Amino acid sequence: MSRNKFLNAIGLLFCLIFFNMSTTLAQYQPLYKTIPNNIPSKNQESESDTVGILIIEKVSIPSYQYFRVASDNTKKPCVIICPGGGYSILAAGHEGSDLANYFNSIGVNAIVLKYRIPNAENQIDKTIAPLQDAQQAMLLARTNAENWGIDKNKIGVMGFSAGGHLAASLATHYSDIKIENPSKISLRPDFQLLIYPVISFGPEGHEGSRINLMGNANDDKTQKAIHYFSNEKQITKDTPPAFLVHSKDDDAVPVAGAIHYYDNLIAHKVPAEIYLYEKGGHGYGMKNPTSEILWTSVMKTWMQKSKIIQ
């Protein structure tokens, strides 16, 4: 190899390493100046990484990571990503930053949301804390769109499992504002991407997520909250277009919830598509180990058809 070719190869390698570092090492930033619905308490947040899965526990101080596509003076779409974890933990790697890196590779900015884990010890009303954080993330994305290189008319929300429930909650409750929004900026996502999502807190739902979000009481207040957060019942003609993925053999979160949500979207003439794997179970992140078909590729095609990306 000639000296010039060697130097060029080293330069390319350095650029690739720098790009990877600048993307994957995006720093967490505070989501709020003053956290709403907050009871001051000791921060007990912790991280662990077993078998390559990053888990964050006991989140009481919400924050976000912003993954920006390399600047070319063109405004890009943006996706707010809500990792799953049953409203008990956040699977922030394979259901968070991994997807952010993928979106950057197809020309989409991404925000990974570290939302609060419901906890009555540090939240006045734990049932709305995650939704507040999702609404605040949308507010930040729209408010900072010009400086962050975001197309303010192409900001979507994505969620996995219970994070999918949070994403669907934002998509169906964007007008029920739980945060300070004096400028009345729209908190409506322009699209929603729901991956093996918890949708309902009824028979088609996930009991663990429901209990973690609102407790195990059976009073009128809890029943109203169950109805409110059964998102298949909250769809209107103005609900954002949706792309869903689920596995038929998911024994953690029944596929019926996703199908019911999809059917109700279609009934309200909301553009939607659902991709169902025959097998795969739950919690596989970007790659279903039982199939050669990548749902990310199917999603990308849907985003192209929906004119979110070219």
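What share of the chain's accessible surface belongs to carbon and sulfur atoms? Of about 14700 Å², the share is 54%. The model is predicted.

## Overall build

The chain holds 9 helices and 11 strands. Its radius of gyration is 19 Å, close to the 19 Å that the globule rule gives for 310 residues, so the chain is as compact as a globular protein of that length. Along the principal axes, the C-alpha atoms fill a box of roughly 75 × 45 × 40 Å.

Buried residues make up 52% of the 310. Take the contacts with a separation of 6 or more: 77% of them come from residues 24 or more positions apart. On the charge side, the chain carries 29 positive and 28 negative charges. Their mean positions lie 8 Å apart.

## Nonpolar cores

The largest nonpolar core has 56 residues. Those with the most contacts inside it are Ile-80, Ile-111, Leu-113, Ile-150, Phe-201, Tyr-261 and Leu-265. Helix H3, residues 129-143, gives the most to this core, with 7 residues. A second, separate core has 30 residues, including Phe-67, Val-79, Tyr-196 and Ile-309.

Neighbours within four places in sequence aside, Ile-150 is in contact with Tyr-66, Lys-75, Lys-76, Cys-78, Asn-109, Ala-141, Ala-145 and Ile-155.

## Glu-95

Glu-95 sits in helix H2, which spans residues 93-105. Is this residue buried or exposed? Glu-95 has a relative accessible area of 4%. The limit for buried is under 20%, so Glu-95 counts as buried.

Which residues does Glu-95 contact, leaving aside neighbours within four places in sequence? They are Ile-81, Cys-82, Pro-83, Gly-84, Phe-160, Tyr-196 and Gly-283. Tyr-196 is also one of the residues of the second core. Gly-159 is 64 residues from Glu-95 along the chain, yet their C-alpha atoms are separated by 8.0 Å.

## Gln-29

Gln-29 belongs to strand E1, residues 28-30. Its relative accessibility is 38%.

Not counting residues up to four places away in sequence, Gln-29 touches Ser-63 and Tyr-64. Phe-160, a contact of Glu-95, is 131 residues from Gln-29 in sequence. In space, Gln-29 and Phe-160 are 22 Å apart, C-alpha to C-alpha.

Key
Residues are numbered from 1 along each chain as its sequence is written. This is a predicted model: local features need pLDDT of at least 70, side-chain atom pairs count only at pLDDT 80 or more; totals for chains, interfaces and linings use all residues. Side-chain values use heavy atoms; hydrogens and water are left out. A nonpolar core is a set of buried Ala, Val, Leu, Ile, Met, Phe, Trp, Tyr and Cys residues joined through side-chain atoms within 4.5 Å. Buried means under 20% relative accessible area, exposed over 50%, partly exposed in between (1.4 Å probe, protein chains only). Helices (H or I, at least four residues) and strands (E, at least two) are DSSP runs, numbered from the N terminus. Contact means heavy atoms within 4.5 Å. The radius of gyration is taken over C-alpha atoms; the globule rule is 2.2 Å times the number of residues to the power 0.38. Accessible areas come from the Shrake-Rupley method with a 1.4 Å probe; for residues, only the protein chains shown count as cover. Lys and Arg count as positive and Asp and Glu as negative; His and the chain ends are not counted. The place of a charge is taken as NZ of Lys, CZ of Arg, CG of Asp or CD of Glu.
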